[in-house]
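Work through the following exercises with the sequence and the coordinates side by side, and try each task before reading its solution.

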Amino acid sequence: MRIVVAAVGRLKRGPETELSERFAKRATQTGRSLGLRAVEIIEIRESRAADAGRRTLEESIALANIIPQGAAVVLLEVQGENLDSANLAGKLANWRGSDRPAVVFLIGGADGLAASLREKAELRLSFGAATWPHQLVRVMLLEQLYRATTILTGHPYHRA
């Protein structure tokens, strides 16, 4: 199963990029024994439209175009479910066990995502009620994906 993190916007070189790359690499290495392929990060260019609605639509269309047929779609948003790490690991295991080709985690732009894309999500995931910069959300997601793979493999990284 592929794991795809698709985000609106590009990370500039710096600590967030280094952390993102580190956790993606660790999740990839740990996930191999679970039958998971490399964690792929796809960056979608931010829309330059003047109108927020138009920006949301353009970015949502770009994200929708990268979702493989039959993939589980997870949307990151403040109104989503606040899962603990073990539950997220369980979700990954269930998607893998049901022969899903991929799970795609979507991180929208500053204006959010279109309702049509939000309706495709099997899971709407939140990292709490606070507003987080998109760069940190990506780092936190990749760390949680690494943690989920360690939980599933019995690696001692995760200590409840």
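The exercises below concern a predicted model, and they go from the sheet to its helices and then to one residue.

**Exercise 1.** Determine in which order the strands of the sheet are arranged, and which strands stand at its edges.

*Solution.* Begin with the pairing: five strands form an open sheet with parallel pairing, and their order is 2-1-4-3-5. Next, look at the ends of that order, where strand 2 (39-44) and strand 5 (123-125) each have a single partner strand, so one side of each is left without a neighbour in the sheet. Finally, the twist from one strand to the next averages 30 degrees.

**Exercise 2.** Find how many bridges join strand 1 to strand 2, and which helices pack against this part of the fold.

*Solution.* Strand 1 (residues 2-8) runs parallel to strand 2, and six bridges join them; one of the pairs to locate is V8 with its bridge partner I44 in strand 2. Helix 2 (residues 52-64) lies across strand 1, strand 2 and strand 4 (102-107), and runs at about 165 degrees to strand 1. Helix 3 (residues 85-97) also packs on the sheet, where it touches strand 1, strand 3 (72-81), strand 4 and strand 5, with its direction at about 135 degrees to that of strand 4.

**Exercise 3.** Decide whether S20 is buried or exposed, and list its contacts beyond its neighbours within four places in sequence.

*Solution.* First place the residue: S20 belongs to helix 1 (residues 15-31). Its relative accessible area is 2%, and because buried means under 20%, S20 counts as buried. Once the neighbours within four places in sequence are set aside, S20 is in contact with L11, R138, V139 and L142.

Definitions and conventions:
Residues are numbered from 1 along each chain as its sequence is written. This is a predicted model: local features need pLDDT of at least 70, side-chain atom pairs count only at pLDDT 80 or more; totals for chains, interfaces and linings use all residues. Side-chain values use heavy atoms; hydrogens and water are left out. Two strands pair if DSSP finds at least two bridges between them. Helices (H or I, at least four residues) and strands (E, at least two) are DSSP runs, numbered from the N terminus. Axes are lines fitted to C-alpha atoms, for helices over the stretch in contact, and angles run from 0 to 180 degrees between N-to-C directions. Contact means heavy atoms within 4.5 Å. Buried means under 20% relative accessible area, exposed over 50%, partly exposed in between (1.4 Å probe, protein chains only).
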